[in-house]
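Visitor: I would like to go through this model and ask on what grounds each label is given.

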Amino acid sequence: RMEASCLELALEGERLCKAGDCRAGVSFFEAAVQVGTEDLKTLSAIYSQLGNAYFYLHEYAKALEYHHHDLTLARTIGDLLGEAKASGNLGNTLKVLGNFEEAIACCQRHLDISRELNDKVGEARALYNLGNVYHSKGKNVASAGTHDPGELPDDVRNALQKAANYYEENLTIVTELGDRAAQGRAFGNLGNTHYLLGNFRSAVLAHEQRLLIAKEFGDRSAERRAYSNLGNAHIFLGEFETAAEYYKRTLQLARQLKDRAVEAQACYSLGNTYTLLQDYEKAIDYHLKHLVIAQELNDKIGEGRACWSLGNAYTALGNHDQAMHFAERHLEISREVGDRSGELTARLNLSDLQMVLGLSYSTNNSMMSESRVVENSLSGTRPRVGRRHSMENMELMKLTPEKVQNWN
Amino acid sequence: PCMKPGRQAAELQSKVVPSKQILHSDNMEMEPETMETKSVTDYFSKLHMGSLVYSCTSKRKNK
């Protein structure tokens, strides 16, 4: 009777997780564990599903615990396939937790066993997971620094190159197996890896494949991801009009999918793209749209970025009142969220603007040029990180002597 | 190192953008992870159905 009850609870847990209600599924699995079972394979399946449910709920410490139990159990009962699966899941969880070295060891174990068992599907999945771990590792190290894509220290480059190799290996197998969905995933992440490596043409090719497969499946989320990634890559190729077109598709789909956060991101990207195209009216239009959604979502960081961008765009148009308004707002928000570098940037922007507004009353051009020289030499000593973190260094604010003269 | 309005036009004409001008608005969109799945029913059907079938047939034989 106890046996049946554990099974019944676990079956209900499975049903709930499949229906998408992981939270409820977890309670049934936990109850099943409480009741207990003599059948270690059943217990292993319960642990595994508990681990996955917690993974999808973003409770990674719990996920780690249960996948670890599953691995121990699989080893105890000599279930090699079960061990491979537990290792893979443990690897994915360790990756999310930032423990890359252990994650690699686990994913490698998944790969080794799959090869030993001549399990092609498992092998391909392990290769994809390994690619993901190396990608995360590379991105993690890279984001600790202040590098642009393509401008990378050796350890980052090595990790990303390994990721690309694993994705390529995965692609060979899943192509043989005719698994289009898996190909789509591999192309997407391969594209992102090429992007970080600075291989923007290769990134475009991969994301185009991803887009094609997303359309085949009618997978609109994947389609939207591909448009967004294609937009990013074209920015770095200097093809801003094309980038704008892709971002517009992203925006369209984000609206259809009713995802406000993604919609905000698309507006922000479009604002930046039109800034690069020097169409400041359009840039302002999109940055304002971004600002509205950021406020709606109570996303202070996004709001700060919007204000910074708007300040720059209004400055470029010579609308100093609006520029001042947004620079002040950026300063306020940076203080509110404790963004020290944002605060510094805002102060610098404000002092630049105050200088312009002050100088507009002056007619002494030679004095102005001198102050520009001082300003330029000072800008070299400004903390690089400060400008970078606060979006990114598009120093449209910086005023050339010619520009200042025009304003006089 | 900075992007000045006066210089911008010339720089925009060059094919590839100097990286420092880029706004990092782009957050990369990654594909989802794939987790390995186990199912109670898999093991249950293999294990218990097997023994069930066995017990049925053995009962029949006994008769």
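Guide: This is a predicted model. We can start with A:His194, which is placed in helix H9, residues 180–197 of chain A.

Visitor: Why is A:His194 called buried?

Guide: The cut-off for buried is under 20% relative accessible area. A:His194 has 13% relative accessibility, so it counts as buried.

Visitor: Which residues does A:His194 touch, not counting those up to four places away in sequence?

Guide: They are A:Glu168, A:Asn199, A:Ser202 and A:Ala203. A:Glu168 and A:His194 also take part in the contact between helices H8(A) and H9(A).

Visitor: What makes H8(A) roughly antiparallel or roughly parallel to H9(A)?

Guide: Helix H8, residues 154–177, packs against H9(A) at an angle of about 155°, and the axes are 9 Å apart. Angles over 145 degrees count as roughly antiparallel, and therefore H8(A) is roughly antiparallel to H9(A). The crossing of H8(A) past H9(A) is left-handed. Among the residues making the contact are A:Leu160, A:Tyr167 and A:Leu171 of H8(A), and A:Ala186, A:Phe187 and A:Leu190 of H9(A).

Visitor: How many residues of each class are in the contact of H8(A) with H9(A)?

Guide: That contact has 12 nonpolar, 7 polar and 2 charged residues.

Visitor: Next, A:His207. Where does A:His207 lie, and why is it called buried?

Guide: A:His207 lies in helix H10, residues 200–217 of chain A. Its relative accessibility is 1%, and the limit is under 20%, so A:His207 counts as buried.

Visitor: What is A:His207 in contact with, leaving aside its neighbours within four places in sequence?

Guide: A:His207 contacts A:Gly188, A:Gly191, A:Asn192, A:Ala226, A:Asn229 and A:Leu230. For one of these, A:Asn192, the C-alpha atoms are 8.2 Å apart in space, with 15 residues of separation from A:His207 in sequence.

Visitor: What makes A:Tyr54 a buried residue?

Guide: A:Tyr54, in helix H3 (residues 40–56) of chain A, has 5% relative accessibility; buried means under 20%, so the label applies. Beyond four places in sequence, A:Tyr54 touches A:Val26, A:Glu30, A:Glu59, A:Lys62, A:Ala63 and A:Tyr66. A:Tyr54 and A:Thr93 are 39 residues apart in sequence, and C-alpha to C-alpha they are 10.0 Å apart in space.

Visitor: How do you know whether H3(A) is roughly parallel or roughly antiparallel to H5(A)?

Guide: H3(A) and helix H5, residues 80–96, pack at an angle of about 25°, with axes 11 Å apart. An angle under 35 degrees counts as roughly parallel, so H3(A) is roughly parallel to H5(A). Their crossing is left-handed. On the H3(A) side the contact is made by A:Ser48, A:Asn52 and A:Phe55, and on the H5(A) side by A:Asn89, A:Asn92, A:Thr93 and A:Val96. By class, this contact of H3(A) with H5(A) has 2 nonpolar, 5 polar and no charged residues.

Visitor: How do you know that the end-to-end span of H12(A) agrees with what it should be?

Guide: Helix H12, residues 240–256 of chain A, has 17 residues, which at 1.5 Å a residue should span 24 Å. The expected value is taken over one less than the number of residues. The end C-alpha atoms of H12(A) are 24 Å apart, so the two agree. The buried residues of H12(A) include A:Phe240, A:Ala244, A:Tyr247 and A:Leu251.

Visitor: Why is A:Lys258 called exposed?

Guide: Exposed means over 50%. A:Lys258 has a relative accessible area of 73%, so it is exposed.

Visitor: And A:Asn118, why is it called exposed?

Guide: A:Asn118 has 63% relative accessibility, which is over 50%, so it counts as exposed. It sits in the loop between helix H6 (100–116) and helix H7 (120–144) of chain A. Phi of A:Asn118 is near 55°, a positive value in a residue other than glycine.

Visitor: How many helices and strands does chain A have?

Guide: Chain A comes to 20 helices and 0 strands. Of its 408 residues, 54% count as buried.

Note on methods
Residues are numbered from 1 along each chain as its sequence is written. Chains are lettered from A and ligands numbered from 1 in the order in which they are written. This is a predicted model: local features need pLDDT of at least 70, side-chain atom pairs count only at pLDDT 80 or more; totals for chains, interfaces and linings use all residues. Side-chain values use heavy atoms; hydrogens and water are left out. Helices (H or I, at least four residues) and strands (E, at least two) are DSSP runs, numbered from the N terminus. Buried means under 20% relative accessible area, exposed over 50%, partly exposed in between (1.4 Å probe, protein chains only). Contact means heavy atoms within 4.5 Å. Axes are lines fitted to C-alpha atoms, for helices over the stretch in contact, and angles run from 0 to 180 degrees between N-to-C directions. Angles under 35 degrees count as roughly parallel, over 145 as roughly antiparallel, 65 to 115 as roughly perpendicular and the rest as oblique. A crossing is left-handed if the near helix is turned anticlockwise from the far one by less than a right angle, and right-handed if clockwise. Ala, Val, Leu, Ile, Met, Phe, Trp, Tyr, Cys and Pro count as nonpolar, Asp, Glu, Lys and Arg as charged, and the others, Gly among them, as polar.
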